[in-house]
Amino acid sequence: MKNILYLIFILLLFQNYSYTQETDLYSLGNRRLFADFLYCQKDYLRAADEYKEILRLSDSDTLHLKIGLSYLKSGSLDSASVYFGHVKINSLLYDYSRQAYYKCQFLLNHFDIVELGPYYYNPVDKLYKFSSLLGYKELPVNKEKFLRPFEADERRAAFDFYDRKLNPPYKNELTAAVLAALIPGAGKIYTQNYTDGIFAFLATGLMSYISYTDFNAHHQFRGWLFAGLASFFYGGNIYGSIASVQIYNAGINFKLNSDMKFYLEDKNYFVPDYEFCK
Amino acid sequence: MIKTAAIILFSTLSIYAQTEWVKWGKADYSYEIKQSNSHRQYSISGNTAGETALKTLAVGYWFFISDVDGDNCPFSPTCSSFFLQSVKETNIVQGTLMFADRFTRDMDFIDRFSHYPIAKNRHFYDPPSLYTLNNLKIKYIPAGEYVDK
């Protein structure tokens, strides 16, 4: 009886070993499945590492593309470009990888490379047109030439950006200065800083009025003191109106650029997603 | 039999024992609010006589008015620091005009949120670089956005 009990204990202790897994977890197929799983879980950097491990054992264009995509998704654009560039010219994935490569170059602001890109790829041509909107080169005067690569549903947005870039609703510095000189605060109102304008008018007006009443009451020192303060606010307001125009115009540029960025992100930079996640 | 069971029991305990051997202790936290004027340099020495005079004026203001009054300027940098930085970045005339403009904007207590980004200290971020009339120096930040400054 005692021996049987010992035997049961020994069996209990070693039962784990008897059920050990015999499947090779590190087989190429399993690693590929695991890497795909990581990619689909948006764990892109780990997915790239896993794909690279498989790549050491078996070279394939799909792996190069998937590594490039993983790096692209994780924002490592330089590494992504390298792997997109490794896809061979005779591969079925070549066209897609080239487009993804130029998307990376566009995101890296390497507009000169995008300019030299193959124009028979429609997305590259569109990206080049957007690089001129982002200030890489002068906008083409011919609107039709600019809009040519865009499809019907994209034309409206592209034209809107083109028009906003060509005719930005800038304010004029001289107008603001003249307005501020004529009526203190009017320059700020011109740049849509309404309350700033009202307060500038009140400050200058109040100081001028106090100075005027002081001079009338023969308080020379106080009169000059408040006259000095009125000039201080008056001069500052003219200067501030010019600065305000510059900030307003910088805001116009910023708004256009951020609108373009959102549009391009929404359109995935005209390069369709390579979907392999179910 | 009992011995074997005891050995298994103890070994099981050791498997689930704590692996972190660093003793936990009280964290050394400080809840003291940092003084807003801690970055101020109260030295009045400047590179030029004009700079020294201006610095004396600003330090006098800090020492006798601002520090006593408390952290009341809604802007970052504060108006006095803005003045010093403006003069340093441009010249005395332009710096004074920049300060006059800032002083006027400081009066506007109604519509600040729709004009300025928010600095780390929760004040309105308004650096002199925006007002030097040099377009290249303008780094536009939309109003209401938080800035790590």
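# Reading a two-chain model

Author: Let's start with chain B, whose secondary structure comes to four helices and two strands. Helices here are DSSP runs of H or I with at least four residues, strands are E runs of at least two, and both are numbered from the N terminus. Before going on: this is a predicted model, where local features need pLDDT of at least 70, side-chain atom pairs count only at pLDDT 80 or more, and totals for chains, interfaces and linings use all residues. Residues are numbered from 1 along each chain as its sequence is written, while chains are lettered from A and ligands numbered from 1 in the order in which they are written.

Reader: In what pattern do the elements of chain B follow along the sequence?

Author: Chain B reads α-α-β-α-α-β. Chain A has 14 helices and zero strands.

Reader: How do I read the radius of gyration of chain A?

Author: It's taken over C-alpha atoms, and the globule rule is 2.2 Å times the number of residues to the power 0.38. A compact globule of 278 residues would come out near 19 Å, but chain A has 34 Å. Its C-alpha atoms fill a box of roughly 125 × 70 × 30 Å along the principal axes.

Reader: Which residues are buried in helix α11 of chain A?

Author: In α11(A), residues 173-182, they are A:Ala176, A:Leu179 and A:Ala180. They sit on the same side of the helix, because they cover an arc of only 95° around the axis, the arc being that of the directions from the helix axis to the C-beta atoms. On the other side of α11(A), A:Leu174 and A:Leu182 are exposed.

Reader: What do the buried residues of α11(A) pack against?

Author: Two residues are in contact if their C-beta atoms, placed from the backbone, lie within 7 Å. The buried residues of α11(A) pack against α12 (186-190) and α14 (220-266) of chain A.

Reader: How many residues are in contact between the two chains?

Author: 22 residues of chain A are in contact with 21 residues of chain B. On the side of chain A that touches chain B, α14(A) gives the most, with 14 residues.

Key:
A residue is buried if 20 or more other C-beta atoms lie within 10 Å of its own, exposed if 12 or fewer, and partly exposed in between; C-beta atoms are placed from the backbone.
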